[in-house]
Every structure is written in structure tokens, then in C-alpha cells.
Amino acid sequence: MSYKLFIPGPIAVSEKTLRAMAQPMIGHRSSDFVALYRSITPPLQALFYTKDPVYLSTSSSWGVMEGSLRNVVKKKVLCCMNGAFSDKWLDVARRCGLAAGALQVEWGQPVDPAALRAELATGQYDAATLIHNETSCGCMSDLPALMAVLREFPDVISIVDTVSSCSALPIKKDGLGIDVMITGSQKAFAMPPGLSIFSVSPRALAKAATITDRGYYFDFLEFQKNHEGGMTPSTPVIPLIYALKSKLEDFAAEGLENRYARHVRLNRTVRDWAFARGFRLFPQEDYGSITLNCFTNTLNIDLVALNNILKTKHALVIDGGYGKLKGQTFRISNMGDETDATIATLLHALDASLAELGTK
Ligand SMILES: *Cc1c(COP(=O)(O)O)cnc(C)c1O
């Protein structure tokens, strides 16, 4: 059975992107690969608003999220936590044997710049992790305000997860002073999972060079060395790199500004639809994500039953809540390739499914 995903990752992948993947393999040390690799660096740098290299990791985002810690943390990392993914990052740091501290706020609340400043001012930390868009609860923190605080602490390397936000709104890596910016293929890029895309500042690379047990697979210096030759450290997922090239062409055809405006508009459409039916946003409203909406299940709907109807009758799927929020919230993605028409189709199907649920 085939159906379309409106969950916040993985999301629907276009036929064009799928077709782009179905090309013959090339050797990853061949001149054809180097040409492919070099052709996507400039548009990726434009997307990250950076002069630094943008690397390709054959892993999901967690690979680079964990790897980053191993590359730059010597003293102690501060993990800013306001949802499932950011909470997990603390756990991952400790599993790597690193000293790590928590700056915890409630799920759905944004990370507080003043609290970040107070914690960094203790002088214990040489790195900080931050999730721009906490997908688990649909909360988007104020990245410019948080980065302004991080810039006050030049000895602290900033590691920023933009996994579910990059390409949906401008995130100016160099302008904000982000040291390590990480995203993944299956969220707003609308590609299948398996590729992580990241960029590292010169000072983060220099820090990595002072750390001996960085491992191999996610070693920043390996990525840099290979990048200089137009390659990746190990055999990459070439079909996803074909897909990425195709996707970057799509972004250029639409225009980044149009793409950003589309995400804001469709997000608002979904939000207005839900508000009109009595649902509330789960996160603090000013900090609601623009790539998905996480709503509180104020009407106490049986979300499993709702998704069953949606899937079997309309071939569409939304998310019934992440982790401890399962059943209490639902999430609808508007990231990637969605249009006014596809969102209208979803909302119409949701109304029909809600009506059917009500009459049962
Ligand atoms: C999806 C997601 C991740 C994890 O990505 P994987 O591809 O599963 O490794 C991390 N952070 C955020 C914010 C995400 O949305």
C-alpha cells in the first residue's frame, strides 16, 4: 500500500528525486564523482550562508551529531534541552564518555538566551549543543538570540542541529557564528534518509586537530582532507548525492526566498485550520515551528483511529505524537515540497476523517 507522509520526517519524496537516484553507479574516486561533488558545493554553501566547506556524511544526522561531540569537546559540553532530540544529545555525550551538563527547559519552551549566558559564564564549558527546531514538540528557538550569547564566549564551540529547519528558512551560518551546522536528508530537503550534510568553521577544525581520540568515520579532519580533493572519506551513498543535486536544482528553480515564504504560508494554513477546530499549539505560540505544527489534542481525539481512517481512506499519514507526547499531541509536517494544493488536500481529508470518527 502506498500513502503519503505528512509526519515530520521522513517526508514525501518527489518522483523527480526518486528518478534522480536511479542512475548508474560511478566510482567514488573517479573524476565523475569529483565533478558531481564539486558541482554541489557552491549551492550548499549558498544554502548554509557559509564560505566554509559543506561535507557529506553517509549516516543519518545522529552520526554527525555524535561525531561533532567527539571532534570538539575536551572539557565539557553544555546541552540545551527542550525536547526529545535535544534531551537525547546529553545522553549521547555521556555515552561517549564526555563530561556534559544540561540546560533543561520544559518540552515546548524555547531555550532561554539569558539562562544560556548564565550557564556558560560558569566557565566550565568548551562546547554547546543547540537544536534550532525541536521536531519532537514543534518548538523553534530564537537562534539569532542564542548565537549572540554564544559569540560572547569565543572559547565555546557551537554545535547547531538544523535538521528539520535548514532550507525552510534562512540560517546564516557565518553571520551567526555557528561552528558546526548539521542537517539531514529526510526532513526539509525532502530526500530519502541516509545522508547528513554539515559545515564546520575553521576554528572548530583547529579545535578538532587538538583532540586525539576523534575516531575515524566522523573525523572532521578526514572530511576536510577529502573535501579538498572533491571526495568523501569513505564510500558515500551515491544515489542520495544524485538526489541532492536534483534537489538543489529544484531549490534554485523555485528561488530560496520563495521557498522560505512557502514554508511560512503553509505552516500558517495548517495552524489556522487547527485553531478553527479548537486545537491549540503545544509549544509556546511565538516559538511554534514553521516546518511542522505540534498541536495539543485538546479534543481528546483517538489519534490512532484518526490516522487509520486517514491512511486507509485517503492514503495520507500524520504523526500521533512523539515519545512521551504520544496521544496527547499530533504533528503535521509542511516541510519539503508541499504546496497550497497538497496541504488543502490533507486538511480536507482530515476533516472528513474527523467527521467519520465523530459518527462512529
Ligand atoms: C530527525 C531529527 C534528528 C535525528 O535525525 P536522524 O536522521 O534520525 O539521525 C535530530 N534532530 C532533529 C531536530 C530531528 O528532527
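Author: Happy to. One term before we start: buried means under 20% relative accessible area, exposed means over 50%, and partly exposed is in between (1.4 Å probe, protein chains only). This is a predicted model, where local features need pLDDT of at least 70, side-chain atom pairs count only at pLDDT 80 or more, and totals for chains, interfaces and linings use all residues. Residues are numbered from 1 along each chain as its sequence is written, and side-chain values use heavy atoms, with hydrogens and water left out.

Reader: Got it. So is Asn300 buried or exposed?

Author: Asn300 is exposed, because its relative accessible area is 68%. You'll find Asn300 in the loop between β12 (292–296) and α12 (303–314). Helices here are DSSP runs of H or I with at least four residues, strands are runs of E with at least two, and both are numbered from the N terminus.

Reader: What's the phi of Asn300?

Author: Near 55°, which is a positive value in a residue other than glycine. Ala315 also has a positive phi, near 60°, and is not a glycine. Ala315 sits in the loop between α12 and β13 (316–317). With 27% relative accessibility, Ala315 counts as partly exposed.

Reader: Let's switch to helices. How do α2 and α10 pack?

Author: Helix α2 (residues 31–48) and helix α10 (residues 238–254) have axes 10 Å apart and an angle of about 45° between them. So α2 is oblique to α10. For the wording: angles under 35 degrees count as roughly parallel, over 145 as roughly antiparallel, 65 to 115 as roughly perpendicular, and the rest as oblique. The axes are lines fitted to C-alpha atoms, for helices over the stretch in contact, and angles run from 0 to 180 degrees between N-to-C directions.

Reader: And which hand is the crossing of α2 and α10, left or right?

Author: Left-handed. That word applies if the near helix is turned anticlockwise from the far one by less than a right angle, and right-handed applies if clockwise.

Reader: Which residues meet there?

Author: From α2, they include Phe33, Leu36 and Ile40, and from α10 they include Ile241, Leu244 and Phe251. Contact means heavy atoms within 4.5 Å.

Reader: How about α11 and α13, what's their angle?

Author: Helix α11 (residues 256–276) and helix α13 (residues 340–358) cross at roughly 15°, and their axes come within 10 Å. Therefore α11 is roughly parallel to α13. Their crossing is right-handed. Among the residues that meet are Leu266, Val270 and Trp273 in α11, with Ile343, Leu347 and Leu350 in α13.

Reader: One more pair, please. What about α3 and α4?

Author: Helix α3 (residues 61–72) packs on helix α4 (residues 84–95) at an angle of about 50°, with the axes 10 Å apart. That makes α3 oblique to α4. The contact is made by Trp62, Met65, Glu66 and Leu69 of α3 with Phe85, Lys88, Trp89, Val92 and Ala93 of α4. As for the hand, α3 passes α4 in a right-handed crossing.

Reader: Changing topic: how many aromatic pairs are there?

Author: A search of the whole structure finds 12 aromatic pairs. In one of them, the ring centres of Tyr217 and Phe218 are 4.9 Å apart with planes at 90°, so this pair is edge-to-face. Rings of Phe, Tyr and Trp (its six-membered ring) pair if their centres lie within 6.5 Å, and planes under 30 degrees apart count as stacked, over 60 as edge-to-face and the rest as tilted. There is also an aromatic cluster formed by Tyr55, Phe198, Phe220 and Phe223.

Reader: What lies over the face of Trp107?

Author: Lys324 does, at 4.1 Å from the ring centre. A charge sits over a ring if NZ of Lys or CZ of Arg is within 6 Å of the ring centre and within 35 degrees of the ring normal.

Reader: Last one: is Phe153 buried or exposed?

Author: Phe153 counts as buried, because its relative accessibility is 17%. Phe153 lies in the loop between α6 (143–151) and β8 (157–161). Leaving aside neighbours within four places in sequence, Phe153 is in contact with Arg117, Leu120 and Ala121.
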